[in-house]
Amino acid sequence: MSTLKERLRSDLTAAMKARDELVKATLRLTLTAIGNAEVAGTEHRDLSDEEVLKVIAKEQKKREESAEAFAAAGRTEQAAQERAEGEVLAGYLPTQLTDAELSEIAAAAVAEVTAETGEAPGPRQMGLVMKKATAAAAGRADGKRLSTAVRSLL
């Protein structure tokens, strides 16, 4: 079992003892999503810490999108609830890269693709550049922010 999953379970126990309903509900939903990911496919398998981080990031992104939708619909109370849940999950994710760091990663990926292909990549080679940039960012940046940084250089 991954250490991150164990940490989530121990934090859930602590939240139950402290009667912290927000953290308790958020961690229960996250652990359920992790369990669903483990049994997806043909056979059960334990997720690694990297895979658990991906599930947590996905859950956090869902919270952000829900908060935006609730805010747009004028339901500020539900939007605040979703944002609070997102903040709980953000505590388990690695720190996000700044815009300057994203620009550096994008420039390095463009340079790497240029060295491999022998010519500067254009918009048609964005997939190649994104592959390198995504590997370098390693889950520390949202794909949308990363693609914006890459697109600005192409």
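A crossing of two helices is called left-handed if the near helix is turned anticlockwise from the far one by less than a right angle, and right-handed if clockwise. In this predicted model, local features need pLDDT of at least 70 and side-chain atom pairs count only at pLDDT 80 or more, while totals for chains, interfaces and linings use all residues. Residues are numbered from 1 along each chain as its sequence is written, and side-chain values use heavy atoms, with hydrogens and water left out.

Helices are DSSP runs (H or I, at least four residues), numbered from the N terminus. Helix α5 spans residues 99-117 and helix α6 residues 126-137; the two pack at an angle of about 130 degrees, with their axes 8 Å apart. Axes here are lines fitted to C-alpha atoms over the stretch in contact, and angles run from 0 to 180 degrees between N-to-C directions. The angle therefore makes α5 oblique to α6, oblique being what remains once angles under 35 degrees (roughly parallel), over 145 (roughly antiparallel) and 65 to 115 (roughly perpendicular) are set aside. α5 passes α6 in a right-handed crossing. In contact (heavy atoms within 4.5 Å) are Ile105, Ala109, Val110, Glu112, Val113 and Glu116 of α5 with Leu128, Val129, Lys132, Ala133, Ala136 and Ala137 of α6. Nine of these contact residues are nonpolar, none polar and three charged, where Ala, Val, Leu, Ile, Met, Phe, Trp, Tyr, Cys and Pro count as nonpolar, Asp, Glu, Lys and Arg as charged, and the others, Gly among them, as polar.

Next comes helix α7. α5 and α7 pack at about 55 degrees, with axes 9 Å apart, and so α5 is oblique to α7. Their crossing is right-handed. On the α5 side the contact includes Leu102, Ile105 and Val110, and on the α7 side Leu146, Val150 and Leu153 are among the residues involved. This contact has nine nonpolar, one polar and two charged residues.

The axes of α6 and α7 come within 10 Å and cross at roughly 130 degrees, so α6 is oblique to α7. α6 passes α7 in a right-handed crossing.

Finally, the largest pocket has a volume of about 740 Å³. A pocket is an open set of points on a 1 Å grid over the protein atoms alone, where a 1.4 Å probe fits, with protein on both sides within 12 Å along at least five of seven lines; lining residues have an atom within 4 Å of a point. Its volume is the space filled by probe spheres set on the points. Of the 24 lining residues, Ala57, Gln96, Gly139, Ala141 and Asp142 are the closest to the pocket centre. The largest share of the lining, nine residues, comes from α3.
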